[in-house]
Amino acid sequence: MPQVSRDETAAPMIIEDWNRLTFRVNRAAYRSDEVFARERELIWLRNWLYLGHETEIANPNDFKVRTVAGRPLIFCRDTAGEVRAFLNSCPHRGTVLCRDTEGSSKLFQCFYHAWTFRNNGDVAAIPDEAAYESGENLRETMRLRTVPRLAIHEGYVFISFDPDVPPLLDHLGDAADYMTMIEQQHVGGVQTLPGVQLYGVRGNWKLAVENAMDGYHFAPTHNTFVGYLRENGFAVTDDDQYAYNLGNGHSLLVLTGHGGRISMIWEPRFGEDERVRTAEHRAEMTERLGERRAHHVADESHILYVFPNLLLFDIEGMSIRQLEPLGPGRTDVRAWQLVPRHEDPASRALRMKTVVSFVGPGGLATPDDIEAYEAVQRGIEATAADPRPGLDYSDMSRGMADEVKGVRGRSIDEGAMRGFWRHWAAAVGFDPQVAGDRPASFLEGRDVR
Ligand code: FES
Ligand SMILES: [Fe+2]
């Protein structure tokens, strides 16, 4: 990470000009240690954060260990069946308590002095407990440290390190219904498949957010995949595809021209048997949800970003991605596949094939995207400390003219990114420099019920 002598955050972080129709982001936002420290305090320790999916810990005593916002956590279901999140740190003297990554256990025992805790946080045993004569109720004060808030929406488990954070559904706002739409695709809802794909990216976490909301890059960056779709009889188009800001930093791409959806939109590469299954499933959905809702649930692909660390890809297959920033130029990404709880084995096999071929870490999309955002980070670090005004800003102006006219934003425009950046700037306390009149309302959510 480059060391920059001058204060990079003195220049405006965001410059938007509605007379010239330009929107620029200061590249210090992606590489400055000071910005990163502010984000840690003002975003990551104050918001709701995605922790994991309830189905990852399906049975009592299941646990997973993972780090969120730099804090090692135990994510578990206690013996009574309740979902919990504890700091993975021994209350005695701080040792990492659970050193496995996952498993099933009623107890967690610290290897250092063998203090032992139940999976509801109670102290189970303290060796030679009688030697403590402080008068303090040790079993009460030395319980496992619970993450202050935990709430679940449609199986997605969120935590917050801020005890005073507003209710989860207030934070999710319009994003909540798109999570419900995934659940509604199949009777019985969805579950995660065992196993996680974990990869490190040499890039700032916000580049991953931009990339997911960036329909503009699809055809050039993923030209191998686009060629593959064309060869298989699917015409890739950017027509009739939109980007929305959902408020609170969340955003949504609605895509209809980038390929089929297992058991919902058939295309020739899925084969004839799947055509029949798709028609049956689609009829069942219409019956269950009504035509209008079934249309939104089945016929559109959605890429949903929930501020700050969750991405839901509801495209050919469904996957969850969780962003974990390690530093200004380093991000860990964890990904899980979501599948219907009840699914025909042949459809499941097809789903797995498409997941592996496109969104998986060795698929036709993800390596391209990682290469893109690592290349952006390298380029951004190269312009650090350049004194020429304007050189060190990234441009996100696409679609501003339509925004002024009140025309719905296209997926290949950058309106969703602008909404994210405005929310980000407000969260970390940078006032945008605004010239001209920002359109009053644009790209807000839509009614899909
Ligand atoms: S630090 Fe865990 S038992 Fe002492
Ligand atoms: Fe991409």
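Predicted model: local features only at pLDDT ≥ 70, side-chain atom pairs only at ≥ 80, totals over all residues.
Figure 1. Residues are numbered from 1 along each chain as its sequence is written, with chains lettered from A and ligands numbered from 1 in the order in which they are written. Along the principal axes, the C-alpha atoms fill a box of roughly 75 × 60 × 35 Å. Of the 449 residues, 41% are buried (20 or more other C-beta atoms within 10 Å of a residue's own; 12 or fewer is exposed, in between is partly exposed, with C-beta atoms placed from the backbone).

**Figure 2. Where α9 meets α10.** Helix α9 (residues 272–289) packs against helix α10 (residues 291–299) at about 130°, and their axes are 7 Å apart (axes are lines fitted to C-alpha atoms over the stretch in contact, and angles run from 0 to 180 degrees between N-to-C directions). That makes the pair oblique (under 35 degrees is roughly parallel, over 145 roughly antiparallel, 65 to 115 roughly perpendicular, and the rest oblique). On the α9 side you'll find Arg282, Met285, Thr286 and Leu289, and they meet Glu291, Arg293, Ala294, Val297 and Ala298 of α10 (a contact needs C-beta atoms, placed from the backbone, within 7 Å).

**Figure 3. Cys76 and its surroundings.** Look for Cys76 in strand β5 (residues 71–77). Cys76 is buried, since 27 other C-beta atoms lie within 10 Å. Skipping neighbours within four places in sequence, Cys76 is in contact with Ile57, Asp62, Phe63, Arg84 and Asn119. Leu169 sits 93 residues away along the chain, and its C-alpha atom is 22 Å from that of Cys76.

**Figure 4. Two loop residues with positive phi.** Asn61 isn't a glycine, yet its phi is positive at about 80°. Asn61 counts as partly exposed, with 16 C-beta neighbours inside 10 Å. Ala69, in the loop between β4 and β5, also isn't a glycine and has a positive phi, near 55°. Ala69 is buried, with 20 other C-beta atoms within 10 Å.

**Figure 5. A cis peptide bond at Pro308.** Phe307 and Pro308 are joined by a cis peptide bond, with omega about 0°. Pro308 belongs to the loop between β17 (301–306) and β18 (310–314).

Conventions. Helix = DSSP H or I, 4+ residues; strand = E, 2+ residues; numbered from the N terminus. Contact = placed C-beta atoms within 7 Å.
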